[in-house]
Amino acid sequence: MSSLTYAQNLEGLERPETEEGISAENAALHAHRKHMRELRPGLHLHYDDICEPQSVHAHAEILPGLRIVLLLEGALDLSYGDKDVRLAATVDKPCACLVSVAEADQFTRRAHRGAYSRRVNLGLEFHWMDQVCASSQGRSRTLDAFRCQHLATMEWQLSARGVALAEQIVRPLPMEPLLQSLYLECRSLELVTEAMGTLHTQAQGDPCDFHDQKGLRPREHQRVRELHAWLSSGQADAMSMDDIARQAGVNANTLQRQFRAVYGTTIFDHLRESRLLRARQALELQGVTVGQAAMIAGYNSAANFSTAYRRRFGTPPKLVRTRV
């Protein structure tokens, strides 16, 4: 399958054009295409880390399927048919969106010159999803209902694990082609799993009105969501559990129980995950030393940090450090 067909499947960019009338052979568009892959028939991946060299207004027909857009940093201005999808993200607050394209429609992507985005897009064609459902001997009524609603959307804040996976896709380690294909496919499938899991959670009702089987009331669930975002920012790295609980306005045991009910992990496990992720970003983007990254992750010993990093990301930190 050609790169141009990948663009069709992922974003609908069949004949990209810019506001200045630049053709599909423009070098910036080639930069986008070289990061497009068909992982399996019907499962497509597009990722980039780009500062637009010039203004873009690209549009084309988009094929039916689901689109998962994961934005790690920057901004995106997209339209699927008459549904506008505008996303903005920072390193501390990435975001994600799932879109159902139940029938062929028009896709548009807009960007001003100098606009930055670091993102991962996944395209799931319905025939691939049907094969997965057949192999698992079961269907999801929640997913079936969502995919039948043309231009239905779901937005969510990407989990720390999801951020780590997306970052690994955007900046994959150098490998032989076969190994890299397997590397990208495994991470892509896990991101699809997060999107589908979030869809099932939100199907219980609006997130603000969520009432889970553990007995959380809407205000309690909202408080835990706000706490999760705050913990991910790094502001609580040096705080004790009692200090965190006072910040949230509830006792420590209750807060731990509610946090685990919503996110399936403890507060300190989430803090450790967030700090390891920030250390990884510092290694890759800022070129800090392994010792400096260990401090970011909260480790006094670089050796202990390296062990934890390898266990979490599957490679020693020194191999991903960018020298700037």
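Biologist: Which residues in H7 meet Ile 244, Gln 247 and Ala 248 in H8?

Modeller: Arg 223, Leu 227, Trp 230 and Leu 231 do. To meet is to have heavy atoms within 4.5 Å. This is a predicted model, where local features need pLDDT of at least 70, side-chain atom pairs count only at pLDDT 80 or more, and totals for chains, interfaces and linings use all residues. Residues are numbered from 1 along each chain as its sequence is written, and side-chain values use heavy atoms, with hydrogens and water left out.

Biologist: What makes H7 oblique to H8?

Modeller: The axes of H7 (residues 218-232) and H8 (residues 241-248) cross at roughly 130°. Oblique is what remains after under 35 degrees (roughly parallel), over 145 (roughly antiparallel) and 65 to 115 (roughly perpendicular). The crossing angle therefore makes H7 oblique to H8. Their axes come within 11 Å.

Biologist: Why is Ser 188 called buried?

Modeller: Its relative accessibility is 0%. Buried means under 20% relative accessible area, with a 1.4 Å probe and protein chains only. So Ser 188 counts as buried.

Biologist: Where does Ser 188 lie, and which residues is Ser 188 in contact with, leaving aside its neighbours within four places in sequence?

Modeller: Ser 188 lies in helix H6 (residues 177-202). Its contacts beyond those neighbours are Leu 39, Leu 45, Leu 122 and Ile 169.

Terms used
Axes are lines fitted to C-alpha atoms, for helices over the stretch in contact, and angles run from 0 to 180 degrees between N-to-C directions. Helices (H or I, at least four residues) and strands (E, at least two) are DSSP runs, numbered from the N terminus. Buried means under 20% relative accessible area, exposed over 50%, partly exposed in between (1.4 Å probe, protein chains only).
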